[in-house]
Amino acid sequence: MSEYIIETNGLTRRFGKHVSVDHIDLRVPEGKIYGFLGANGAGKTTTIRMLLSLIRADEGSVQIMGKSLQHEREKILRNVGSLVEGPSYYGHLSAYKNLKIICKLMDLPEKDIDQVLDIVRLAPYAKKTVKDYSLGMKQRLGIAQALIRRPKLLILDEPINGLDPAGIQEIRNLMLSLCHEQGITIFLSSHILSEIQSVAEEIGIIQNGKLIFQNSIKELENKRRTKLLIETENQQEAFRALSSAGADVVLQDGKLLISLTEKMDQSRIFNILQPFSIQHMQELTASFEDIFLTLTGRDGSL
Ligand SMILES: Nc1ncnc2c1ncn2[C@@H]1O[C@H](COP(=O)(O)OP(=O)(O)OP(=O)(O)O)[C@@H](O)[C@H]1O
Ligand SMILES: [Mg+2]
């Protein structure tokens, strides 16, 4: 059995000639929050729709909880809760009644309703009609609707879209407690890097339908390229020497700013600069955004 709760192999979806999801191999470990990051139109929702069997894949396979989605769809989806592109509910009914309808339809125990409302912190408003809820409360009702079936896996497509800072904080805390206290794996999509960074342990980055990075957030942080800020006795000559050796270097406020790479590491730079005698040196670490831009290229608008 796979060690991953979600595993896709070569998952692909085209719309006409456009390849919206291009041979992606997701590896989502159990018991964690996995952040699926991508700009508008990158292919997040299309991927999620395929994971939930809402649309078919053109190529590739999906395994969830070690089972083939193609062959055991119903068995799998019984254990998956989801919220894709906003909740649907009866606005003229209360949250409690909305959940009761789901329980009836899906043959689930109604005794769980109070607990679920408690988890999403809607218990005090359980009897209020949903049309009077704030956007954040509606979003939490959507999550309650997914939770009522006691899923092992929760798939949330941009759950914080349109929420104010307080609403965002509520959903963020809710995701953390669902994962760490209830042991639910969460697959969460977002186009906001800081949002993923604040909750997820694992991250997959999708760009133009391709998965361009997938690993732990820790690994991504290890990719931070350090830069060196150096002053020598002859900056112009030193700059020329570095440039002609192929270093990524700029003169910034009279100082040499050099990007470290595998080839152009610290000792290589020291070698090149030996004739110019280094007077001052400072190490700079790239921000998370910088690493991200390095991965996506400067135009990867996110
Ligand atoms: N039903 C469809 N028909 C035609 N094209 C589609 C359809 N659904 C998605 N696409 C295209 O597939 C690409 C990926 O769309 P998708 O909705 O998956 O992106 P996304 O990452 O969820 O973006 P957003 O952040 O805007 O929600 C886009 O170019 C989109 O236009
Ligand atoms: Mg989307």
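This is a predicted model: local features need pLDDT of at least 70, side-chain atom pairs count only at pLDDT 80 or more; totals for chains, interfaces and linings use all residues.
Q: Let's get down to atoms. How far is the backbone of Gly43 from an oxygen of ligand 1?
A: A backbone N or O atom of Gly43 sits 2.9 Å from an oxygen atom of ligand 1. For Ala42, a backbone N or O atom is 3.2 Å from a ligand 1 oxygen.

Q: What about the side chain of Glu158?
A: An N or O atom in the Glu158 side chain lies 3.2 Å from an oxygen atom of ligand 1.

Q: And how much of ligand 1 does the protein cover?
A: The cover comes to 59% of the 640 Å² of accessible area that ligand 1 has on its own.

Q: Switching topic: what domains is the chain divided into?
A: Domain 1 is made of two stretches, 4-79 and 151-221. Domain 2 spans 91-147, and domain 3 spans 225-285.

Q: How far apart are the centres of domain 1 and domain 3?
A: They are 41 Å apart, taking the centres over C-alpha atoms.

Q: Now strands. What does β1 pair with?
A: β1 pairs with strand β5 (residues 59-64) in the antiparallel sense, over five bridges. In that pairing, Asn9 stands opposite Ser61 in β5.

Q: Where does β5 go from there?
A: β5 also pairs with strand β6 (residues 67-68), again antiparallel, over two bridges. Ile64 has Lys67 in β6 as its bridge partner.

Q: Which residue takes a positive phi in the hairpin of β5 and β6?
A: Met65 does, with phi near 50 degrees, and the hairpin has two residues between its strands.

Q: How many bridges join β10 to β11?
A: Six, between β10 (residues 202-207) and β11 (residues 210-216), and the two strands run antiparallel. Ile205 stands opposite Phe213 in β11. This hairpin has two residues between the strands as well, and Asn208 takes a positive phi near 45 degrees.

Q: Last topic: how many salt bridges are there?
A: The count comes to 14. One pair is Arg27 and Glu7, whose side chains meet at 3.8 Å, N to O.

Q: Why does the pair of Arg27 and Glu7 tie together parts that are apart in sequence?
A: Arg27 lies in strand β3 (residues 27-29) while Glu7 lies in strand β1 (residues 4-15), so the pair links parts that are 20 residues apart in sequence. As a rule, side chains of opposite charge can pair when their charged atoms come close.

Notes
Residues are numbered from 1 along each chain as its sequence is written. Chains are lettered from A and ligands numbered from 1 in the order in which they are written. Side-chain values use heavy atoms; hydrogens and water are left out. A polar contact is a pair of N or O atoms within 3.5 Å; within protein, one must be able to donate a hydrogen and the other to accept it, and residues adjacent in sequence count only if both atoms are side-chain atoms. Accessible areas come from the Shrake-Rupley method with a 1.4 Å probe; for residues, only the protein chains shown count as cover. Domain bounds come from an automatic or database domain assignment. Two strands pair if DSSP finds at least two bridges between them. Helices (H or I, at least four residues) and strands (E, at least two) are DSSP runs, numbered from the N terminus. A salt bridge is a side-chain nitrogen of Lys or Arg within 4 Å of a carboxyl oxygen of Asp or Glu.
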